[in-house]
Amino acid sequence: MLKKAHSLLLLSVALLLFVLSACGDADSDSNEDSNGGSNEGETSGVDGDKEAVTIDFMHLWPAGVSAGQNKIVNEIIEQFEAENPHVTVVQEVLENEQYKTKLQVVSSSNQLPDVGMTWAAGFLEPYVKGNLFAPLDGLLENGFGDTFVSGTLEAYAMDDQTYALPLELNIAPIYYNKAIFADHGLDVPETYDEFLNVVETLVDNGVAPIALGNRDRWTGSLWYMYLADRIGGSEALNTAIDRSGTFENPKLIEAASETQNLVNMDAFVRGFNGLSNEEAKAEFLNGSAAMYLMGSWELPNFTTNEEIPQEFRENVGFFKFPTIEGGDGNIDSWVGGPGVGLFVAENSDVKEEAMEFVKFFVEKWGEQSVTGAGVIPGTAVDTSTLDLPQLYIDVLNELANASNITLFADVQMSAGVAETHLNMIQSLFGNEVTPEEFAQTHEEALSLEE
Amino acid sequence: MDKVMSNKKIIALYVLPALLLIITLVYVPIVLTGYYGLTQWDGIGERTFIGLANYSKLITDSLFWQSAFHSFLLAIFSVISLVAYLAVSLVLSGKIKGANLFRKIYLVPMLLSSVAIAQLWIRIYHPTNGVMNRFLESIGISNPPLWLADTSIVLFAIFIPIIWQYAGFYILIYYAALKNIPESLVEAAKIDGATPLQIAYKIKVPLIASVIKVTIVLAVVGSLKYFDLIWVMTEGGPNGASEVMASYMYKNAFKMNDFGYGSAIGFFLLLIALGVTWIIRKLTATKEEIQY
């Protein structure tokens, strides 16, 4: 009996250890597949005269949620492998938040994939400072750099070197519900006074004028940014952020107080500071709010997305943020900016092939992304040759005519300052700070970074 | 069997797997967090050792103390709600009809994940379409509160689902403890003419005092490190009005890329939780163990 109990316990311990070690093995295996490969990349086999290599490519477009993007990625990789038989591209796909976390984790152990995706400016900065991304200026020679919409590459540049090439570009128009406008005899506003009149009429008739989900905070930042641009011109905010100007610029303070003026007019849906952007979008989609300021990434929802009633989709139009009398802004100046871009890891063993792949990818992507996935690429699109919904063509034409694109403020700033900015936006909209305090807090946060 | 268990080597062998697991998964990370807290690190590049600079920043960081205040407020509310849980358990453990059904009803929220509960309450609190404001409007309140947008009430609006969420857990613990009290004690009291209230106060509650102490520690420590529901419902906003220590730590480490400072907050949070646990144990210590 005693012996039996003893051996039974021992057996279970042995089993436990076996299971544990099996887990460990599986773990290290998958690590090797995903990122360890970047260090031991090229291994066996010779094809033609070149040694066979493997490019590890990490992206955030899974087949489920980003079906359109995922399909194009696979097609591009197939083409690339067909043209370069010695290269194999291994994908690792993660969803947005997981992708960000994984990128941070693998970079702290210096095991980035050969090619991956990054966001612009503030997100990119620590990676560039840590010497993790390779400069891509070599790729931009011979006219390739000119195919990008002007101003987009700069968002990925630090110290005059470009560290990633954009795949997405967005601007933020004000979408509006044509049916609601028609019901109340309203026209698309071209000046800010007309816009205020639209807001007032809608409020008087019990319709929520603007859907805003300010729990996410960057959504409210868009409104402040446009007011800053229309009042102070396109440089006012940019210079305040890069420290050649200041947030205490009277025009920026005026923009902040104009934001509060809109709040006090009840221009935004009730309880906007507690609503997420998704909830606010729902208010616009179900017709209970008349306007919605959001990036052009929402275009599929207003054109091709079958899940949204066709009647509603036909009723969506957009207009440019109106100009303000006496302000320095231009109506063709937009808030927006590039989304994700491709980087090459500095310590990649297959840098040459990885660079080629990035260039190939960006070229092919630009040809297909609008039609295949509804994504506006960072490279210029020729609308005359594409069969697209009218709303897309209009937005693309606006993009081509844009006099300036101001990068989203929270993307321009470093992570710490962005957090202050976003909190201040919420307080400004909540009437908890004065425009002067709003400016002062920004100044303090920015001066701490200098 | 006794012989096996008295052999020191064999005890060591059997304890080893669990010990290794807890050391690598709990204690090593704690030590590492303590070390990261002494460095300046953005989570990506190089770490530089800066001594106690993060902690001196922490001591003067008003945002941190604001979030700590919110956490302690939650702890106080959780402890107060324990009284309500205890009352419910006392009723349920009496011989009333349908006690079993009620016990199960109270347990349901515990079976839902925090994220599901958060999503549920976000909808309840919706400023225009939510059940709460629809109800308030129907009884004639024209301007119902903006539960999650108003900085003066958002914290309390979040406490309600948290307290609701844990009701089942504590009721289950109290119920089990109360059921363990020998029937003979209660019957003897009844024969002596004690009212149900006296039985509850003077016999049942003192007899489960040790369980109550444990639940107080659980409620306080659980509140101090509370994170998930708050994060899903408001992310600590608007403008920090519902920020707690854990969400402030997460924000610093993962949103603001300040891993060093985030780690310092995490380590400090651990120290606070340990200190508070120690104080509670001191305050509730009794010399005599009641036995039955």
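A contact is defined here as heavy atoms within 4.5 Å.

View 1. Of the contacts in chain A with a separation of 6 or more, 74% join residues 24 or more positions apart. Chain A holds 17 helices and 16 strands; these are DSSP runs, numbered from the N terminus, with helices (H or I) of at least four residues and strands (E) of at least two. Of its 450 residues, 55% are buried, meaning under 20% relative accessible area with a 1.4 Å probe, protein chains only. Residues are numbered from 1 along each chain as its sequence is written. Local features need pLDDT of at least 70 in this predicted model.

**View 2. The two domains of chain A.** Domain 1 comprises 43-168 + 339-381, and domain 2 comprises 171-337 + 392-449; the bounds come from an automatic or database domain assignment. Their C-alpha centres lie 31 Å apart.

**View 3. The interface of domain 1 and domain 2 of chain A.** The two domains bury about 830 Å² between them, 74% of it on carbon and sulfur atoms; buried area is the accessible area (1.4 Å probe) lost when two parts are put together, summed over both. In domain 1, Gly122(A), Gly374(A) and Ile376(A) lose the most area to domain 2, together 44% of what that side buries. The count of salt bridges between the domains is 0, a salt bridge being a side-chain nitrogen of Lys or Arg within 4 Å of a carboxyl oxygen of Asp or Glu.

View 4. Across the interface, 10 residues of domain 1 are in contact with 13 residues of domain 2.

Key:
Chains lettered and ligands numbered in written order. Predicted model: local features only at pLDDT ≥ 70, side-chain atom pairs only at ≥ 80, totals over all residues. Heavy atoms only, no water. Buried < 20%, exposed > 50% of the residue type's maximum accessible area, 1.4 Å probe, protein only.
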